[in-house]
Amino acid sequence: MSNILTLNKISKIGLSKFTSEYKISDNIENPDAIILRSFNMHEYEMPESLLAIGRAGAGVNNIPVEKCAKEGIVVFNTPGANANAVKELVLAGLFLASRDIVGGIKWAETLDSDQIAKDVEKGKGAFVGPEIMGKKLGVVGLGAIGILVANAAVHLGMEVIGYDPYISVDAAWTISKSIKRATDLKEIYESCDYITLHLPYNKDTAAMINTQTIAQMKDGVRILNFSRGELVDSDAMKTAIDDDKVAKYVCDFPSNSLNTYKNVVSIPHLGASTPEAEDNCAVMAVKQIMDFLENGNIVNSVNFPKVSMPRTTDTRITVIHENIPNMLSQISNQVAKDGINIEGMINGSKNDIAYTVLDVEGNVDEDVIADIENIEGVVRVRKIV
């Protein structure tokens, strides 16, 4: 029986994928795995029993990823599971950035007279805006969401330029041939009428939209941010709006500095807030955790390498260890010394951490596990039967 702790409300459809061999609760001791959405784990005391954390969503800023890696805790996310939901909101953002729909609705709600139709015709000119057809859209980040947005914008009649120096082979296969690929961000900044951000928040992307980068953009540019609020320097954005450099800023992350500022549309983080997205993310997170707990396979981890292999024996040993020379030979030699035959083995590494999976034949008792644990550089060993 494996114990699963939920730190947020998780889709029932997702949790239903757990078999009877799992106990799931929001109040459980010694969990083998945790599933969460937005719960902040940075001050959370990790129990010694914890093997994995499943984030039902893509962003993991609420999880101490590096600390988990050092403690041998695999952190999973669910890239692409909520992509369509976010894409649809980004498309709505394109229209909100073009036509002052929000301002027009607020104004219309103030009208109360016998001549409301005349008042509408007289005042609607204050809310006009351009059509998106024929305009140039720059998509920064061509992951699951960015590609869906780019492809949809092409069908809406926009000229689309994409930028992503790390685009995956799988992603490249799904992108429309009509989308031009930029070689640097300057090309996006200088030529696009609209710019939409679809990349993670980290030390390299923090405040990437700032005074210097905005200065490179076209006058009247319209910027959309459905990734992370920290990608945009708020003070620089306010100055750019005051100077009419930025015509509209639409974001999914309200902040005290920009929430009520003119020409800013703040959406209350609704990107993935659809029942379909919540179900998809939960199902994906559950399946990944089950495959890891039952088979040791790692897919879609943000702090461990992708290491997945079909089972070839009844007993599997998994080893989390430092990514240093001679670890594989030490592990395999130790297993051989203990009279265990290796039928299959796979290894992968990511930054300072590595992961090895061995399918073995023989009696793997606690002494065998202890011998592997005693190898310098080994972080955690599991026997899976």
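I took a salt bridge to be a side-chain nitrogen of Lys or Arg within 4 Å of a carboxyl oxygen of Asp or Glu. By this rule I counted 12 salt bridges.

I worked on a predicted model, in which local features need pLDDT of at least 70, side-chain atom pairs count only at pLDDT 80 or more, and totals for chains, interfaces and linings use all residues. Residues are numbered from 1 along each chain as its sequence is written, and side-chain values use heavy atoms, with hydrogens and water left out.

Entry: K136 and E159. I found a salt bridge between these side chains, at 3.7 Å from N to O. K136 lies in strand β6 (residues 136-140) and E159 in strand β7 (residues 159-163), so the pair ties together parts 23 residues apart in sequence. I read helices (H or I, at least four residues) and strands (E, at least two) as DSSP runs, numbered from the N terminus. E159 is partly exposed, at 41% relative accessibility; buried means under 20% relative accessible area, exposed over 50%, and partly exposed in between (1.4 Å probe, protein chains only).

Entry: K186 and E190. The salt bridge joining these side chains is 3.7 Å, N to O. Both residues belong to helix α8 (residues 185-191), where four residues, about one helical turn, separate them. K186 is partly exposed at 46% relative accessibility, and E190 is partly exposed at 44%.

Entry: K218 and D193. I noted a salt bridge whose closest N and O atoms are 2.7 Å apart. This pair links distant parts of the chain, 25 residues apart: K218 is in the loop between α9 (211-215) and β10 (221-225), and D193 in the loop between α8 and β9 (194-197). K218 is partly exposed at 30% relative accessibility, and D193 is partly exposed with a relative accessible area of 21%.
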